[in-house]
Amino acid sequence: MKGSCCVIPAKRRRGRMKRVPVGVIDNVDASHEGIKTVELINHCDFSDSSDVCVSIITWNMNGQVRYEDVRKLVGKEWKYELVVIGLQEVPRRNVSDLLENALIESHVLLGKAVMQSLQLYVFGLKNSELYIRELKVDKQGVGGCGGLIRRKKGGVAIRINYKGIHMLFISCHLSAHAHNVEERNSELRHISQSLFSKSWNPYAKPPQVTVWLGDLNYRLEGINTFPARNLIHRNLHRLLTSKDQLLQEAERGQVFNGYYEGTLSFKPTYKYDVGTSEYDTSDKVRVPAWTDRILYKVEDKDKIDATLHLYESIEGIHSSDHKPVKAHLCLTLNKS
């Protein structure tokens, strides 16, 4: 899932600037770096050493919600300057109100992007509005019939200039099923090329930090469900990362070239029996997979340092067939 609406000027053709997306797939002559796995730096004291600490959460809600789960989802986030929450398969109930109520003591809603069941929220500490220079939202659907059952596929995005750091957050929900790898790759490209395209300025600087989160729906390839579950049961699920389609596609240079992701030390987040922490016991007995991911990219590492302090699933939420995933990312502007 590379990139975003990050764009760079291309050569003039017939007097017009051609829009070239960066990120999902970089330029043809770019080296293939794939997704870079980063080890966590566990301690963050929320000191002045970081300019912005962001809590990032993604969750496929499976069309249902309980307020207790929303409370667990946001946890005790009062120290984070920004809380970014991407939700998929959101029920018709007003989840925005539940989130605002859960964060009411410390945060206010700065912006949201909504496309039916696909939603993205950015909350900031009270009075954080003073640090916003720009905040824009956009959305882009993919596929044809997903919206008919209100389970929309595509991407929603929020672009924000906060404390002088240009950030872009994209929450997406891609096509399901293990065999649809190329379809997911294509959807990522389409979302990346289409977001903010109507207001694209060829001379504008690309986001300094881009974060993709959501139910990317990439599965495990080349292993059956019971061998996979056996490894998970023995806490050897790290051995399954070599089977992960997303990492494989990034290695091929198809998506997310040069993006970073924390180590997949938590168990695969899909598919669970609703109400339990047991993997799918239906007739399909689906192979568990890390469908729910958070990835980030820094465009100019000389100007911004990004430190990942947390990357984990939230095991204690049982109302969906997915487990939420949370990351803690701290950004620092280099003043020199």
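Trainee: How many residues does helix H3 have, and how far does H3 reach from its first C-alpha to its last?

Mentor: This is a predicted model, and in it helix H3 runs over residues 181-194, which gives it 14 residues. From its first C-alpha to its last H3 reaches 20 Å, close to the 20 Å expected at 1.5 Å a residue.

Trainee: Which residues of H3 are buried?

Mentor: The buried residues of H3 are Val181, Arg184, Asn185, Glu187, Leu188, Ile191, Ser192 and Ser194. Just after the helix comes phenylalanine 196, which takes a positive phi of about 60°.

Trainee: Let me pick isoleucine 191 then. Why does isoleucine 191 count as buried?

Mentor: Isoleucine 191 counts as buried because its relative accessibility is 0%, and buried here means under 20%.

Trainee: And what is isoleucine 191 in contact with, leaving aside its neighbours within four places in sequence?

Mentor: With those neighbours left aside, isoleucine 191 is in contact with Gln140, Val142, Gly154, Gly155, Ile170, Cys172, Leu174 and Trp212. Take isoleucine 170 from that list: it is 21 residues away from isoleucine 191 along the chain, and the C-alpha atoms of the two are separated by 9.3 Å.

Trainee: Moving on to helix H4, where do its buried residues fall when seen down the axis?

Mentor: Helix H4 covers residues 225-233, and its buried residues are Thr225, Ala228, Arg229, Leu231 and Ile232. Seen down the axis of H4, these fall within an arc of 160°, so they line one face of the helix.

Trainee: Which exposed residues does the face turned away from the buried side of H4 carry?

Mentor: That face of H4 carries the exposed residues Phe226 and His233. Just after H4 you will also find asparagine 235, which takes a positive phi of about 55°.

Trainee: Now for a pair. How do the axes of H1 and H2 cross?

Mentor: The axes of helix H1, residues 67-74, and helix H2, residues 95-102, come within 9 Å and cross at roughly 55°. The two helices are therefore oblique to each other, and their crossing is right-handed.

Trainee: Which residues meet there, between H1 and H2?

Mentor: On the H1 side they are Tyr67, Val70, Arg71 and Val74, and these meet Leu98, Leu99, Asn101 and Ala102 in H2.

Trainee: And what covers the buried residues of H2?

Mentor: The buried residues of H2 are Val95, Ser96, Leu98, Leu99 and Ala102. They cover an arc of only 160° around the axis, which puts them on the same side of H2. What covers them includes H1, together with strand E5 (82-88), strand E6 (107-115) and strand E7 (118-125).

Trainee: Something in a strand next: is lysine 326 buried or exposed?

Mentor: Lysine 326 has its place in strand E15, residues 325-333, and at 9% relative accessibility it counts as buried. Not counting residues up to four places away in sequence, lysine 326 touches Ser55, Ile56, Ile57, Leu73, Val74, Glu77, Ile294, Leu310, Tyr311, Glu312 and Ile314.

Trainee: Last one, for the chain overall: how many helices and strands are there?

Mentor: The secondary structure comes to five helices and 15 strands, and of the 336 residues of the chain, 55% count as buried. Among contacts between residues at least 6 apart in sequence, 74% join residues at least 24 apart.

Key: Residues are numbered from 1 along each chain as its sequence is written. This is a predicted model: local features need pLDDT of at least 70, side-chain atom pairs count only at pLDDT 80 or more; totals for chains, interfaces and linings use all residues. Side-chain values use heavy atoms; hydrogens and water are left out. Helices (H or I, at least four residues) and strands (E, at least two) are DSSP runs, numbered from the N terminus. Buried means under 20% relative accessible area, exposed over 50%, partly exposed in between (1.4 Å probe, protein chains only). Contact means heavy atoms within 4.5 Å. The expected span of a helix is 1.5 Å times one less than its number of residues. The arc is that of the directions from the helix axis to the C-beta atoms. Axes are lines fitted to C-alpha atoms, for helices over the stretch in contact, and angles run from 0 to 180 degrees between N-to-C directions. Angles under 35 degrees count as roughly parallel, over 145 as roughly antiparallel, 65 to 115 as roughly perpendicular and the rest as oblique. A crossing is left-handed if the near helix is turned anticlockwise from the far one by less than a right angle, and right-handed if clockwise.
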